[in-house]
Each structure stands twice: as structure tokens, then as C-alpha cells.
Amino acid sequence: MLVLNCSMKLQLLEKMLRWSFPESLKVYGAVMNINRGNPFRKEVVVDSWPDFKAVIIRPQRENEMDDLDHYTNAHAVFYKELQAYQELLENTNAINWGQIFQIQGTVQPYLCSCLQNTRHSFLPKTLSVLPLGLDPKLTLAYLDISHASLLSKTWSRGGNPRCQKYLANLICCFLSVCVLDDNGYPLSWSLTDQFATMIHGYTLPEHQRKGYSRLVATTLAKKLHSCGFPAQGNVLETNIPSITLLKSMNAQFLPCSFFRVIHRPFHFLAKSHL
């Protein structure tokens, strides 16, 4: 096991991961963020170098971490050989199995039977922002840290203090887009996470069917592309409205599926507040 902390190696890894799209997208996005200032303080672990067979993105070990915070304790994985990946997972120097954490990645061979049924969507570079005739009182802007509470309450994975803190950190560190009313209140939004993934695309129910979701998604995709990032996100196969919207935007649905696994050690399971 090796921790890559040399900038030249990390730049080379970023290039090498492009050869394994779309399966390497999660890790690729994280490495891009690491190479551009590392605002979320992540690090890269590989089984070997330069002929790596498995990669894990994890929080930097020297950071002070909340062992109950699976939002921030997020890992991204990509592997070329299953055995190398399994050995890296079992290495306690690579993964802290004593904390609550999550692992994200793209379903690869041997994993399909046990993981969530979700899909990657990838927004192509041909997307453009359509003139939707926004009300003059509305503004297209970045999200602000003060919006984190609203985002947490409206996110299916949110509704708790750790999530709100996590979303506030994402807002501070990464790209986002929102539609604001004349009081500066968000009506529609989307943001990106530590893996350069577009997440939490949402429009308040009373403002749906006005074209705001399309405007936000295309604007954020263009911002990502202008910074050199692929515009990619995830959508449940049962989320028909979102899939319909993405298809209308000519989004490319990738052949591989996305998974998120949350690990809770046994000694935490009895705690009701988790």
C-alpha cells in the first residue's frame, strides 16, 4: 500500500484515470480536486505504483475526524483487479473500519448483486444554457453558506446537523448554482461534492415546472466544463422526472451503475441517534 503525496505522481494519476472512463469517474473527480488545491483535504491510496490495480480516495489521516460523520468520511474507489481491491480494503492502514464512513464508486464486475440500483448520468459538452426568460426579480447566483440549512432539510440524505455542516463546507469549497428570489432565498439549486459530482439538484415544489432545474443543471455543467471537469452526476432509476429532464437535455446515460455503501461498526449500531 502506498499513499501518493507527490504532486507529479498525482498529476500523472489524473491522466491515467482518463483511460478507464466511465468506471473511474468518481476517483478522477476527487484527484482533480486534490490537484487543484485539495480544499476537502483528501489523499490517494494505491496498492502499487505506477502499475496500480486499485485506488482509494480517503480523508487525510492527519485530520481530526468525527467518527460518526459518514458525509465527510467519504471514500471513492476504483479498481482494475478485484483481488487487489479486496486486499486494499482489508488493510487497516488504508481504511479506518472503526468509524462510520461511506464508499462511493461505479459498479464493476463481481459487485452488481449487492449494491444500490442507481445510475450515472454524464452531461456532454454540447449543453448550453437556454434563454428561459427569468423574472427580473430572480437572480442566477452561487449558493451561500447561509443556505445550508435549507439544503439539508430538502435533501433525502439530510435533515441533521452533520449533513448541514457538510453541505456548508461543500458550498465553501466547490462550484454551485442557484436561482434566488428578490429576497435572496433559493428556489432551485445544485452543487458539487468532493468527487466533482453534481448533487442535490432540487427545486422547491411551488416553483417546479418553470424551467429552473434545467437552467441550474446546464449552468453548473458549463461551469464544470470551463474548469476542466467532466459534468457527471447520479440519478435513481426510479426517479422518472429527473430522468425525463436529463433526456430532454441530451444527457448521456452511462452503461455502469453508481453505488454508495455506508459502513457502521457494530459498537455504533445500538445508538439511536445515528
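These legends walk through several close-up views of a predicted model.

Local features are described at pLDDT of at least 70 and side-chain atom pairs at pLDDT 80 or more, while totals for chains, interfaces and linings use all residues. Residues are numbered from 1 along each chain as its sequence is written, and side-chain values use heavy atoms, with hydrogens and water left out.

**View 1**
The protein chain holds 8 helices and 13 strands. Helices (H or I, at least four residues) and strands (E, at least two) are DSSP runs, numbered from the N terminus. Of its 274 residues, 51% count as buried; buried stands for under 20% relative accessible area, exposed for over 50%, and partly exposed for anything in between, using a 1.4 Å probe and protein chains only. Among contacts (heavy atoms within 4.5 Å) in the protein chain with a separation of 6 or more, 70% come from residues 24 or more positions apart.

**View 1. Strand β2 sits between two partners.**
Look for residues 42-46: 5 of the 5 residues of strand β2 are buried, so this strand is largely enclosed by the rest of the structure. On one side are Lys42, Val44 and Val46, on the other Glu43 and Val45, and both faces are covered. Two strands pair if DSSP finds at least two bridges between them. Strand β1 (residues 2-4) runs antiparallel to β2, with 3 bridges joining them, and here Val3 stands opposite Val45. Strand β3 (residues 54-59) is also antiparallel to β2, joined by 5 bridges. In that pairing, Lys42 faces Pro59 of β3.

Strand β9 (residues 186-192) is mostly covered, with 7 of its 7 residues buried. Strand β8 (residues 176-180) pairs with β9 in the antiparallel sense over 5 bridges, and Val177 stands opposite Ser190. The hairpin of β8 and β9 has 5 residues between the strands, and Gly184 there takes a positive phi near 80°. Strand β10 (residues 197-203) is antiparallel to β9 as well, through 4 bridges; Leu191 stands opposite Ile199 of β10. The hairpin of β9 and β10 has 4 residues between its strands, and Ala196 in the turn has a positive phi of about 60°.

Helix α2 covers residues 25-35. Here 11 of the 11 residues are buried, so α2 is largely enclosed by the rest of the structure; among them are Leu25, Tyr28, Met32 and Ile34. Asn33 belongs to this helix and is buried, with a relative accessible area of 10%. Beyond its neighbours within four places in sequence, Asn33 is in contact with residues including Asn38, Phe174, Phe195 and Phe229. Just after α2, Gly37 takes a positive phi of about 110°.

**View 2. The largest pocket opens beside strand β10.**
The largest pocket has a volume of about 1,400 Å³. Of the 46 residues lining it, the closest to its centre are Gly201, Tyr202, Val235, Asn239 and Ser242. Elements that give two or more residues to the lining include β9, α6 (212-226) and α7 (240-248), while β10 gives the most, with 7 residues. The lining divides into 17 nonpolar, 22 polar and 7 charged residues. Ala, Val, Leu, Ile, Met, Phe, Trp, Tyr, Cys and Pro count as nonpolar, Asp, Glu, Lys and Arg as charged, and the others, Gly among them, as polar.

**View 3. A cavity has residues of several kinds around it.** The structure holds 1 cavity of 30 Å³ or more, and about 40 Å³ of space lies in the largest cavity. On a 1 Å grid over the protein atoms alone, a cavity is a set of points where a 1.4 Å probe fits but cannot get out, and a pocket is an open set with protein on both sides within 12 Å along at least five of seven lines; lining residues have an atom within 4 Å of a point. Grid points are joined across faces, edges and corners, and a volume is the space filled by probe spheres set on the points. Residues lining the largest cavity include Arg58, Pro59, Met65 and His75. The lining comprises 2 nonpolar, 3 polar and 2 charged residues.
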